[in-house]
Amino acid sequence: MTLFDGPILALETSCDETSAAVVVGRKVVSNAVSSQIELHKKWGGVVPEAAARAHVEALLPIIEEALSSSSLELTDIKAIAVTNRPGLVGALSVGVTAAKALAFARRLAIVGIHHLEGHLFSVFGGGDEVSFPHVALIVSGGHTELVRVRGIGKYTVLGQTLDDAAGEAFDKGARLMGLGYPGGRAIQEAAKGGDPKRYPLPRGLSGDTCDFSFSGLKTAVLRLVEKEGDRLSVPDAAASLQETIVSVLSQRALRAAEDSAAEVLTLVGGVAANEALRERISRACQTKGIAFVTPPIDLCTDNAAMIGLAASFRLAAGERHGHDLDALPNAPLPGLEL
Ligand code: KG4
Ligand code: ZN
């Protein structure tokens, strides 16, 4: 498929990363990210008001960084892409307002991108061949979904979480174990050298399903921490939690791929940065003869490059938004069939 011809400046401010990127077609030319982790650490999670204010401070320097490391000028940019949904509305508004101002001042096309569509299209940034249709496992702080992707805006949900997202299970587990925020990476590090069989934890739904349930896991970790008290081995608990989540995610992803006779399985979203998960799904795909594609780690956690990649497809399909583009806290994936 021919993609939009010309450099796209993409912005992402939906949660706690301020990011700007320059993308040309499938090529990520630059991807600058400023994380608010240090800011939110003291509260143990993202505080929406503080996030919005921090985006205001970080956005212009990040845009300058993305442009200067691309060796392009603002005058070379041919279109603006921005995450406009879903997310924290105050945080989203910062990116959307800046995008509209840039598009208006430079008379450029603007396109609003759904954050999850960005994650889905992040696979194109790693240089691997990815064909349609394929099955994607999206695992982030707010989402755990298995989606059949037939093209841009052509999605079918094959499975989803009935309660907590996989990222939430990592984050809440980490908080209970005293590992702080954000939890996924902390659990991954703490689990190194831990015994994943030491504390058996519930896997949620059983039987022939592609859905997930992680709320029982959270409760079980709470009970475990209370019961063990000072005796708790944090490495063993972290390894047990990671093993449970990784095993459930890879089993369901493979089932969804096999059920829909997919030739390609992709793994995207912040939790896709997890090394154990990447390895487990990669090995399972090899056994089954399914091609496995996951982007480099910096394109898994929130970033603007993935928004630019999705925009390459949407702009090529002729999509443009007006200056009335809005920030929406909740919105389904565009073109989603249940
Ligand atoms: O996609 P993302 O950056 O933001 C959302 O759209 O939610 O995902 C954030 C989630 C958090 O729950 C974080 O703990 C998790 O991704 N995460 C990880 C790892 N790195 C980030 N989870 C497991 N292992 C990691 N290495
Ligand atoms: Zn995300």
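The following paragraphs describe the surroundings of two ligands in a predicted model.

Local features need pLDDT of at least 70 and side-chain atom pairs count only at pLDDT 80 or more, while totals for chains, interfaces and linings use all residues. Residues are numbered from 1 along each chain as its sequence is written, chains are lettered from A and ligands numbered from 1 in the order in which they are written, and side-chain values use heavy atoms, with hydrogens and water left out.

Around ligand 1 there are 18 residues, each with a heavy atom within 4 Å of the ligand. Gly141, Asp171, Gly184, Asn274 and Asp302 are the closest. Polar contacts are pairs of N or O atoms within 3.5 Å. An oxygen atom of ligand 1 lies 3.0 Å from a polar backbone atom of Gly270, and a backbone N or O atom of Gly167 is 3.3 Å from an oxygen atom of the ligand. On the side-chain side, a polar atom of Asn274 lies 3.0 Å from a nitrogen atom of ligand 1. Of the 550 Å² of accessible area (Shrake-Rupley method, 1.4 Å probe) that ligand 1 has on its own, the protein covers 87%.

Helices are DSSP runs (H or I) of at least four residues, numbered from the N terminus. Those giving two or more residues to the shell are H4 (115-121), H5 (166-176) and H6 (183-191); H6 gives the most, with four.

The zinc ion, ligand 2, is coordinated by His115 (NE2), His119 (NE2) and Asp302 (OD) at 2.0 to 2.1 Å, where donors are N, O and S atoms within 2.8 Å of the metal (3.2 Å for Na, K and Ca). Because His115 and His119 are four residues apart in helix H4, about one helical turn separates them.

Conventions: Polar contact = N/O pair within 3.5 Å; in protein donor to acceptor, adjacent residues only side chain to side chain.
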